[in-house]
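Visitor: I'd like a close look at one single part of this protein, please. Pick a spot, walk me around it, and then show me how it sits in the rest.

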Amino acid sequence: TVLDGIDIASANDILFSSTVAVDAGDLDLTSTGDIDFTGIVTTANMGTVTISVGDAALDTLTIPANFNLDGAFLQVGAGSVDISANITTTDDNIDFMGDMTLSGPVILDTGAGLGNIILNPNSVTGVQILTLDAGTGDITLDDLNVTTISFTDGNDLTLNGDISVDNAFDTTILDGTITVAGGDDSSITTT
């Protein structure tokens with residue numbers, strides 16, 4: 001079933017046990033508990049996904065299936081994120097604010113246009129491959145500790161906090177400047 005929009009202003013735990021398809025509106029969720037998706041999420045007609053998860057120590061947003069969005073993806077709030085799927089937008093931002101754990105390979109793709117990728121949590125960790133494609137947009141990363149990171153497209157890259165990449169860190173595809181404002185414990189292997 002395709003919905004015109006979903007707005008949950010306050011809930012404890014939220015579970016979507018199937019696919020979610022939003023046609024003419026946004027998917028806007030606020031939870032003081034966990035939010036779990038088990039199926040693919042799609043939006044159309046500039047449908048933005050905004051997800052607020054409660055407490056960082058207790059509450060988690062779980063994304064095991066792909067998000068294919070015709071609008072931005074915004075994760076706000078202190079809750080953590082467990083992701084093992086891809087998020088694709090149509091020239092719109094992808095923005096995470098909570099600690100992220102990569103449970104599988106992850107591709108974040110804003111399309112060919114101006115969508116930015118902002119990973120502004122306290123940490124991004126995982127023994128996985130993280131692939132970032134920001135088109136002509138910018139990429140901002142804070143406190144990153146992953147096995148491999150790949151950039152398939154993007155303009156400016158800003159690295160804040162402690163950055164640790166074990167295997168590969170290829171920046172040859174980026175068009176703009178690379179700004180490193182990292183912490184004392186940064187280590188990067190480039191290819």
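**A look at the aromatic cluster**

Guide: Of the 191 residues in the protein, 45% are buried, where buried means under 20% relative accessible area, exposed means over 50% and partly exposed is in between (1.4 Å probe, protein chains only). Bear in mind that this is a predicted model, so local features need pLDDT of at least 70 and side-chain atom pairs count only at pLDDT 80 or more, while totals for chains, interfaces and linings use all residues. Residues are numbered from 1 along each chain as its sequence is written, and side-chain values use heavy atoms, with hydrogens and water left out.

Quick orientation before we zoom in. The protein has 0 helices and 22 strands; helices (H or I, at least four residues) and strands (E, at least two) are DSSP runs numbered from the N terminus. Its largest nonpolar core has 45 residues, and Phe37 and Phe73 have the most contacts inside it. Such a core is a set of buried Ala, Val, Leu, Ile, Met, Phe, Trp, Tyr and Cys residues joined through side-chain atoms within 4.5 Å. Strand 19 (residues 139–153) gives the most to this core, with 6 residues. In soluble globular proteins, nonpolar side chains tend to be buried together.

Now for the part itself: Phe16, Phe37, Phe67, Phe73 and Phe96 form one aromatic cluster. Rings of Phe, Tyr and Trp (its six-membered ring) pair if their centres lie within 6.5 Å; planes under 30 degrees apart count as stacked, over 60 as edge-to-face and the rest as tilted. That rule gives 4 aromatic pairs. Take Phe16 and Phe37: their ring centres are 4.9 Å apart and the planes sit at 5°, so this pair is stacked. It links distant parts of the chain, with Phe16 in strand 3 (residues 14–16) and Phe37 in strand 6 (residues 35–37), 21 residues apart. Phe16 is buried at a relative accessible area of 13%, and Phe37 is buried at 1%.

Phe37 also pairs with Phe67, this time edge-to-face, at 5.1 Å centre to centre and 75° between the planes. Here the link runs from strand 6 to Phe67 in strand 10 (residues 67–68), 30 residues apart. Phe67 counts as buried, with 0% relative accessibility.

For contrast, look at Met46, in the loop between strand 7 (41–43) and strand 8 (49–53). Met46 counts as exposed because its relative accessibility is 62%. Its phi is near 65°, a positive value in a residue other than glycine. Most residues other than glycine have a negative phi. Asp143, in strand 19, has a positive phi too, about 40°, and is partly exposed at 28%.
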